[in-house]
Amino acid sequence: MISPDLDAIDAKLLEQLQGDARLPMPVLAERVGLSGPACYRRVRRLREIGAIEREIAIVRPRTLGWPLTMVVLVTLERDSGRATDAGGGHVIDQFMRKIAAVPEVVEAWYVTGDHDFALRIVARDMEGYDELTRRILLNDENVRTFKTLVVMRQAKALSPVPADQAI
């Protein structure tokens with residue numbers, strides 16, 4: 001179900017902008033059946049309420065010298081005595097802060113199931129990945145295990161969130 005702050009026209013706008021955030025406002029307005037000024041106001045409102053988080057260019061990592069991609073599944077220690085670190089911070093929060101500061105970790109999710117985190121990591125080569133795992137995973141006493149899945153080929157690129165099914 002679509003957010004109560006949005007209507008069907010907002011959903012159409014979001015669908016169009018996910019495909020191309022650089023669409024000229026007159027083209028976007030025509031596609032969703034609005035006047036240019038009305039379209040501009042709605043898009044501005046979608047930005048203000050956070051429906052549009054940001055508008056970015058998605059660059060192929062290989063273009064910038066990062067040809068390897070890994071999905072890394074991380075399991076943290078669960079012993080009750082280690083649920084918090086020495087400074088009183090929760091181990092999960094501490095790990096999230098740590099990976100947020102690592103540029104090679106390009107996406108990360110705190111997940112349910114057998115693992116605690118799924119990370120998408122880019123690397124220039126396997127030696128670089130080895131150094132990274134030693135620095136952020138092997139040397140962390142709160143990391144119980146991690147499993148690396150080396151991406152051989154991307155099966156599906158980042159896709160838009162379905163907007164037509166939200167209405």
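## Basis

A residue counts as buried under 20% relative accessible area, as exposed over 50%, and as partly exposed in between (1.4 Å probe, protein chains only). This is a predicted model, in which local features need pLDDT of at least 70 and side-chain atom pairs count only at pLDDT 80 or more, while totals for chains, interfaces and linings use all residues. Residues are numbered from 1 along each chain as its sequence is written, and side-chain values use heavy atoms, with hydrogens and water left out.

## The two sides of α2

Helix α2 covers residues 25-32; helices (H or I, at least four residues) are DSSP runs, numbered from the N terminus. Its buried residues are L28, A29 and V32. Viewed down the axis of α2, these buried residues fall within an arc of 100°, so they line one face of the helix; the arc is that of the directions from the helix axis to the C-beta atoms.

P26, E30 and R31 are exposed on the other side of α2. The cover over the buried residues of α2 includes α1 and α3. After α2 comes G33, which has a positive phi near 80°.

## Packing of α2 with α3

Two packed helices are described by the angle between their axes and the distance between the axes. For α2 and α3 (residues 36-48) the angle is about 95° and the axes are 9 Å apart. Axes are lines fitted to C-alpha atoms, for helices over the stretch in contact, and angles run from 0 to 180 degrees between N-to-C directions. The pair is therefore roughly perpendicular, the term for 65 to 115 degrees.

In this contact (heavy atoms within 4.5 Å), M25, L28 and A29 of α2 meet G36, C39, Y40 and V43 of α3. The residues of the contact divide into six nonpolar, one polar and no charged. Here Ala, Val, Leu, Ile, Met, Phe, Trp, Tyr, Cys and Pro count as nonpolar, Asp, Glu, Lys and Arg as charged, and the others, Gly among them, as polar.

## Packing of α1 with α2

The axes of α1 (residues 8-19) and α2 come within 10 Å and cross at roughly 130°.

K12, L13, Q16 and L17 of α1 meet L28, R31 and V32 of α2. The residues of this contact divide into four nonpolar, one polar and two charged.

## Y129 in α5

Y129 lies in helix α5 (residues 126-138) and, at 6% relative accessibility, counts as buried. Not counting residues up to four places away in sequence, Y129 touches M70, V72, I121, A123, F146 and T148. The C-alpha atoms of Y129 and T69 are separated by 9.5 Å, with the two residues 60 apart along the chain.

Note on methods:
Angles under 35 degrees count as roughly parallel, over 145 as roughly antiparallel, 65 to 115 as roughly perpendicular and the rest as oblique.
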